[in-house]
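These are my notebook entries on a structure that I had not examined before. I record what I looked up, entry by entry.

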Amino acid sequence: MAKENPKIGTLSVWAGEEKKDGWQRATQVPVVHSVSYGYDDMDYWYDVALGKETGHIYSRNTNPTVDVFEEKMRQLEGAEAATSFSTGMAAISNTLYSLLQPGDRVVSIKDTYGGTNEIFTRFLPRLNIDVQLCPTTDHELIEAEVAKGCTVLYLETPTNPTLKVVDIARLTKAGHAVGATVIVDNTFSTPINTNPLALGADLVIHSATKYLGGHADALGGVLCGAKKLVNGAFAYREINGATLHPMAAYLMIRGLKTLALRIERQNVSAMKIAQFLKGHPKVEDVFYPGLETHENHEIAKKQMRDFGGMMSFFLKGDFDAVRAFLPRLRYAHIAANLGPVETVAGPPRTTSHVEVSPEQRAAMGIPESLIRYSVGIEDVEDLIADLEQALQ
Ligand SMILES: *Cc1c(COP(=O)(O)O)cnc(C)c1O
């Protein structure tokens, strides 16, 4: 970087894009669709293959556009290294499979993303990997399970969809005491609100599909952390083949330029909307870590710069209330994704936790009538008026 210690808004715009000479002076990063890279000098090519010289050989492994996205995320998370994947789930599964082997033990929480929960309950046990899923906010119980020994401690915060917050610094200490690798899914918080590596975690994962891209038009995932661990996941991904597409990488780079702007606005709007919903007679409860009434508000205050754009709430009445309410929203896509510039609303039972049975959802404390609400960048007055008329 030209300036020392640039702040996060500056990093969002410039990180990874300082160097202009390599792109024939184009100020914007070109989308390099090329599958391969040509070499006339066999010895030089060999050195690139061995990693002695920098360069690209084949785009399943590395690609110039994808490189810029990874470098931007590396700087935003304050990491030694970063690598990318075709989706957030590819980042999660490739990272886990690169770290684990039969006989290992994983400790995690009950409230992880639905797909992550599937890996823990269906796929890892088939490989004779023991997975212990703890009640998400019971820190003492998680510490006790970790103390029995584990290879990986896997956290997610705030959680999807009930916005529980786990204490990254505290649990990382417990994980490191038994030599575990501590992974944090930071998708909901984004690097603008939380940097898990600065709190001690070893690896941070994002579904770039959500806030990083921010426009719901590209799928992607990213992993940041210590070089040795990131390289392990990269080596696995090279062979597994879950590579980020260069066009998706370009859309992520473009999205990231406004990351700080978007998140700052979404933070402010979400707080106002959470307060509005909390006081509304038709709303039973609101889950938003910025509310003082939130069960983990103190932890959130300690480890988050601000509380993010995600919340969930449930209406008085059963699922019929949800059926009536959601289609009445004018300024919200009724859909399964989260984190874009538009507001998105949907019930977890058909979105994030559709793979999970009703019994499992009940066990996870997800009411069937819960609504997940991803606050967009619209004017907050319009969003509140829209919620008000839909609640009538
Ligand atoms: C969406 C999501 C994922 C999975 O990401 P994809 O890009 O859809 O594969 C993982 N974790 C969290 C918290 C998510 O919201």
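Entry 1. In which loop does Pro158 lie? I found Pro158 in the loop between strand S4 (152–156) and helix H7 (168–177); helices (H or I, at least four residues) and strands (E, at least two) are DSSP runs, numbered from the N terminus. I note that the model is predicted, that local features need pLDDT of at least 70 and side-chain atom pairs pLDDT 80 or more, while totals for chains, interfaces and linings use all residues. I also note that residues are numbered from 1 along each chain as its sequence is written, and that side-chain values use heavy atoms, with hydrogens and water left out.

Entry 2. I looked up the backbone in that loop. The peptide bond from Thr157 to Pro158 is cis, with omega near -15°. I then turned to Arg25, in the loop between helix H1 (8–14) and helix H2 (42–50). Arg25 is a residue other than glycine, yet its phi is positive, near 70°. In general, most residues other than glycine have a negative phi, and most peptide bonds are trans.

Entry 3. Which residues come nearest to the ligand? I listed Gly88, Met89, Asp185, Thr209 and Lys210, out of 15 residues around the ligand (a residue is near if one of its heavy atoms lies within 4 Å). By class, this shell has five nonpolar, seven polar and three charged residues; Ala, Val, Leu, Ile, Met, Phe, Trp, Tyr, Cys and Pro count as nonpolar, Asp, Glu, Lys and Arg as charged, and the others, Gly among them, as polar. Helix H4 (residues 88–99) gives the most to the shell, with three residues.

Entry 4. A polar backbone atom of Gly88 is 2.8 Å from an oxygen atom of the ligand. For Met89, a backbone N or O atom lies 2.8 Å from a ligand oxygen. Lys210 uses a side-chain N or O atom, 2.8 Å from an oxygen atom of the ligand. The ligand taken alone exposes 380 Å², and the protein buries 93% of that (Shrake-Rupley method, 1.4 Å probe).

Entry 5. I traced an open sheet of five strands, ordered S8-S9-S12-S11-S10, with mixed pairing (two strands pair if DSSP finds at least two bridges between them). Strand S8 (283–287) and strand S10 (333–334) stand at the edges with a single partner strand each, so one side of each has no neighbour in the sheet.

Technical notes
Polar contact = N/O pair within 3.5 Å; in protein donor to acceptor, adjacent residues only side chain to side chain.
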